[in-house]
Amino acid sequence: MLICIPDVLSKQDVADFRRIMEAEGWEDGRSTAGAQSAEVKQNEQLAPDSPVARELGNRVIRALTANLLFISAAVPLRIFPPLFNRYRPGQYFGEHVDNCIRGDALTGLRIRTDLSVTLFLSEPDEYEGGELSIDDHQGSQRVKLPAGHLVLYPSTSLHGVTPVTRGARISSFFWLQSVIKDAHARRMTFDFDHAIQALVARLGRNDPEVRQLTNIYHNLIRHWAEM
Ligand code: NI
């Protein structure tokens, strides 16, 4: 299942990110690819361990942790330091597998990749092609979102980026380990939370049944949580 989260970064933040990235410069994107994906990957990225990438990555994480829709959808336990890439004409990322475990040498962080995230930093009209294509049980889906929006998708899916034919596609991408390992359970808690929030808007947080549903929501997370 794909979940799109709008307005994670403001347009002002996006412009600021873009200015900083352009000043930093780009390197071959294969440095972070696994054996299979390195053969089909042609793009550029900011050096993952550079202070600039880390600082921008921290800004992304701060924006994520303030985003209630993201928290509800992902229930994140650990978020891998965000990476930043660019595709120019002729560049693409063929269908590939994301490694199941990722380690970050700088921080020693190791995560099981449950969800993959692409945060778009180019507007759709700035480039042609460059769609994120994701194969899941509903077939192949193609995603291209406004700058500042992100898509969450299962790391278990085969996916890629179609060739860019004009302009440049700039994004941040990363993985996270969820508190809830099971994707089906995670989807149910997300839907449940969504319904509760609608009831809160109508009845308030202290309506007796809303209170009870909120308690059940927390008990479901407690039941499924692995930390
Ligand atoms: Ni990938």
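## Tyr 92

Tyr 92 counts as partly exposed, because its relative accessibility is 27%, a value that falls between the 20% limit for buried and the 50% limit for exposed. This residue belongs to strand S7. The model described here is predicted.

Beyond the neighbours within four places in sequence, Tyr 92 touches Val 40, Lys 41 and Gln 42, as well as Tyr 87, Val 161, Thr 162 and Pro 163. Tyr 92 also lies 6.5 Å from Val 164, C-alpha to C-alpha, although 72 residues separate the two in sequence.

## The nickel site

Which protein residues are donors of the nickel ion? They are His 96 and His 159, each through NE2, and Asp 98 through OD. The distances from these donors to the ion run from 2.1 to 2.2 Å. Along the sequence, the donor residues follow the spacing H-x1-D-x60-H.

Asp 98 and His 159 link distant parts of the chain, being 61 residues apart. Asp 98 sits in the loop between strand S7 (92-96) and strand S8 (101-103), while His 159 is in strand S15, residues 158-161.

Are Asp 98 and His 159 buried or exposed? Asp 98 is buried, because its relative accessible area is 11%, and buried means under 20%. His 159 is also buried, with a relative accessibility of 3%.

## Overall fold and dimensions

The protein contains 6 helices and 17 strands. Among contacts with a separation of 6 or more, 76% are between residues 24 or more positions apart.

The radius of gyration is 18 Å. A compact globule of 227 residues would have a value near 17 Å, so the protein agrees with that expectation. Taken along the principal axes, the box filled by the C-alpha atoms is roughly 55 × 35 × 35 Å.

## Surface and charge

Buried residues make up 48% of the 227 in the protein.

How many positive and negative side chains does the protein have? There are 25 positive and 28 negative side chains. The centres of these two sets are 3 Å apart.

Technical notes: Residues numbered from 1 in each chain as written. Predicted model: local features only at pLDDT ≥ 70, side-chain atom pairs only at ≥ 80, totals over all residues. Heavy atoms only, no water. Helix = DSSP H or I, 4+ residues; strand = E, 2+ residues; numbered from the N terminus. Rg over C-alpha atoms; globule rule 2.2 N^0.38 Å. Buried < 20%, exposed > 50% of the residue type's maximum accessible area, 1.4 Å probe, protein only. Contact = heavy atoms within 4.5 Å. Lys, Arg positive; Asp, Glu negative; His and termini not counted. Charge placed at Lys NZ, Arg CZ, Asp CG, Glu CD. Donors = N, O, S within 2.8 Å, 3.2 Å for Na, K, Ca; no water.
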